[in-house]
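Here is a short report for a reader who is new to this structure.

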Amino acid sequence: MGRKATTENPPIRAVQREYKDPRDLAKGWRSCTHPEGALYFCDARRRVYTDIDLRRQKNFDAVEKCIMELTKVAKPYGISFPDRNWELVLDIQKSRQKKFCRYYFVDPERRLLFWVHDWNPREVYDNLKGVKEQTHIKKALEMQYWTHCELYPHNRNFDIAVINELRGFIIHANAESITTDTSLIPFDTAEVSRMMDIMTVLENTVEPSNTGNDPIKCVIARFMGIFARVHYLNFHGQPGARLDVDQSVYESPKQRARKSVALRIADPFLFGGPSKYLKTLQSVWVDHTVIQPRWRAFIGALNAEWAGFTIYSTVMLAVDVGLLGAPGVDQGKENFQPVSVIAIYVSTLCTVGSLVASVILTGESRRFAGNTSDEMARYMTEMTSSLIGIDHMAIMYSVPFGLLGWGMMSFVIALTSIIFNSTYTPTLVTIGSTIVLVSIFVAWPMWVDIERSISEHILGRGAAGKDTVTATRTRGIWEMLRGGRKRRETSSGVDSERCGESSRSSSLTVTV
């Protein structure tokens with residue numbers, strides 16, 4: 001709700017030392033301030049929370065009426081309210097003709113939200129597809145529970161068991177980030193280390209049962225919510241759970257390895273760039289979910305690479321223009337130009353195209369380099385919403401490399417054409433021998449890359465062969481014997497990666 005701007009400053013009375021809101025509440029309600037600054041209201045006796053401004057009588061009456069109606073509805077289910085075992089969160093929504101009370105109950109012991117009406121809360125499932133098992137639904141509700149605790153920390157305490165559980169999560173996450181590059185934790189090693197430092201300070205400076213330190217309770221709830229979200233999104237404890245960050249729970253490895261016709265056609269023309277970018281993008285965008293540490297590393301590498309292409313393109317452009325202005329290059333007949341000149345024109349155009357594409361892509365990527373996971377996911381969703389999906393991005397990102405490659409090849413053609421126009425035999429022999437030798441050395445790494453690609457696509461193995469030792473997550477004896485855990489093979493995916501869906505969206509409406 002907006003606040004009117006005014007230049008009038010209220011006066012301060014002589015020896016005034018009390019600054020209380022004259023509209024402050026009575027009847028058990030009190031106003032509370034979240035550590036981030038939000039105002040909410042709490043009835044500590046009945047354990048009811050709301051964001052509605054209860055200092056207005058109309059709002060106060062509507063909330064009290066809603067509590068009374070929900071108490072009646074809950075009674076047949078054996079839910080007595082008010083009760084120290086339950087919490088209640090309310091919100092009043094207005095329509096043209098009536099008011100609606102949105103609500104949810106909270107069971108702190110079981111760490112979940114519940115309702116006294118049947119309904120299908122899509123927001124609770126956070127757009128995740130394939131949520132069917134009751135134990136998985138429980139994970140979704142637990143994720144919302146910790147968000148609720150973070151939103152309303154007043155009159156709340158966490159026992160030592162919660163502190164120990166959180167400590168275990170953070171220690172395990174730190175070990176994962178050190179021992180494997182496929183950890184499911186959405187933080188890098190430095191960030192997890194800072195979380196451990198915060199946890200150490202928290203344990204040494206505050207008692208877990210301290211009910212008055214709201215900032216500390218918010219930190220505990222936020223950290224627990226992060227790990228609850230990781231467990232939920234990765235089907236923790238479910239058949240076919242995601243064990244590695246680059247593992248899909250909806251597609252098999254063969255399905256993920258499929259390439260569109262457009263990418264197969266563009267691949268040779270862009271010197272294999274689309275296939276390489278596709279592999280990297282698939283490790284960043286798994287099941288329509290952004291992997292934040294990998295995304296940051298990927299964007300950083302892309303910006304550095306495109307900056308390099310910009311320098312190369314500038315140098316090539318200067319070389320092309322210099323060669324075109326060299327004496328004796330453009331000596332064609334009327335209405336005719338030699339191959340060298342045409343090749344220089346092609347090289348110049350390709351070089352300019354690579355330069356422009358690099359600048360555009362760099363500017364576009366910087367918009368999302370350090371943004372939130374919501375914006376990253378929105379960008380990836382928009383970019384992969386075409387008919388060929390993520391292949392579209394792989395082709396687009398390889399354009400600067402491909403055009404620069406064609407520019408260099410055209411320059412080589414122009415240079416060799418000028419050289420072989422000479423009739424001097426020692427020049428032809430020397431340059432011809434040099435071209436053969438250079439071609440061999442250039443073709444060597446190219447052949448290694450081609451051979452590795454053939455091994456991956458045809459033989460189904462990496463270039464290192466059968467005896468390759470992988471530095472990934474330890475799998476266990478059964479996976480080694482059976483060739484990997486069975487994964488889900490459904491066709492749908494998660495719509496987007498969304499940070500901490502607010503528990504306020506996890507409410508049901510009733511008429512008041």
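## The chain as a whole

A residue counts as buried when its relative accessible area is under 20%. By that cut-off, 41% of the 512 residues of the chain are buried. The model is predicted.

The chain holds 15 helices and nine strands. Its accessible surface comes to about 29,600 Å². Carbon and sulfur atoms account for 59% of that surface. How many contacts join residues at least 24 apart, among those between residues at least 6 apart in sequence? The share is 69%.

## Annotated transmembrane regions

An unreviewed UniProt entry carries the annotation "transmembrane region". According to that record, the annotation covers residues 342–361, 394–420 and 426–447.

Two of these spans can be set beside the model. Residues 394–420 are 96% helix and 0% strand. The end C-alpha atoms of residues 394–420 lie 38 Å apart. Residues 426–447 are 100% helix, again with 0% strand. Here the end C-alpha atoms are 31 Å apart.

Strand β1 spans residues 29–33, and strand β2 spans residues 39–43. The two strands pair in the antiparallel sense over five bridges. Arg30 stands opposite Cys42 in β2.

β1 and β2 form a hairpin, with five residues between them. Gly37 sits in the turn. The phi of Gly37 is positive, at about 115°.

Strand β4, residues 87–94, has two pairings to follow. On one side of the account is strand β3, residues 48–50, which runs parallel to β4 and is joined to it by three bridges. Thr50 stands opposite Leu90 in β4. The chain passes from β3 to β4 through helix α1, residues 57–74. Which hand does this β-α-β crossover have? The crossover is left-handed.

The other pairing is with strand β5, residues 99–107. β4 and β5 run antiparallel and share eight bridges. Ile92 has Cys101 in β5 as its bridge partner. β4 and β5 form a hairpin with four residues between them.

## A cis peptide bond

Most peptide bonds are trans. The bond that joins Phe81 and Pro82 is cis, with omega at about 5°. Pro82 is found in the loop between α1 and β4.

## Two positive phi values

Most residues other than glycine have a negative phi. Asn155 has a positive phi, near 60°. Asn155 lies in the loop between α2 (134–151) and α3 (160–179). Is Asn155 buried or partly exposed? Asn155 counts as partly exposed, because its relative accessible area is 27%.

Phe271 is not a glycine either, and its phi is positive at about 60°. Phe271 is found in the loop between α7 (261–269) and α8 (273–284). The relative accessible area of Phe271 is 30%, so this residue is partly exposed.

## Asp287, a buried loop residue

Asp287 has its place in the loop between β7 (285–286) and β8 (289–290). Why does Asp287 count as buried? Asp287 is buried because its relative accessible area is 6%, and the cut-off is under 20%.

Phe309 belongs to helix α9, residues 292–324. Phe309 counts as buried, because its relative accessibility is 8%.

Which residues does Phe309 touch, not counting residues up to four places away in sequence? They are Tyr277, Ser358, Pro400, Phe401 and Leu404. Two of the annotated spans come back here. Ser358 touches Phe309, and the UniProt record places residues 342–361 under "transmembrane region".

Phe309 and Phe401 are 92 residues apart in sequence. From C-alpha to C-alpha, they are 7.1 Å apart in space.

Definitions and conventions. Residues numbered from 1 in each chain as written. Predicted model: local features only at pLDDT ≥ 70, side-chain atom pairs only at ≥ 80, totals over all residues. Heavy atoms only, no water. Buried < 20%, exposed > 50% of the residue type's maximum accessible area, 1.4 Å probe, protein only. Contact = heavy atoms within 4.5 Å. Areas by Shrake-Rupley, 256 points an atom, 1.4 Å probe, with all protein chains shown as cover. UniProt positions renumbered as here; feature names shortened; annotations may be inferred. Pairing = 2+ DSSP bridges. Right-handed = clockwise from strand over helix to strand, strands pointing away.
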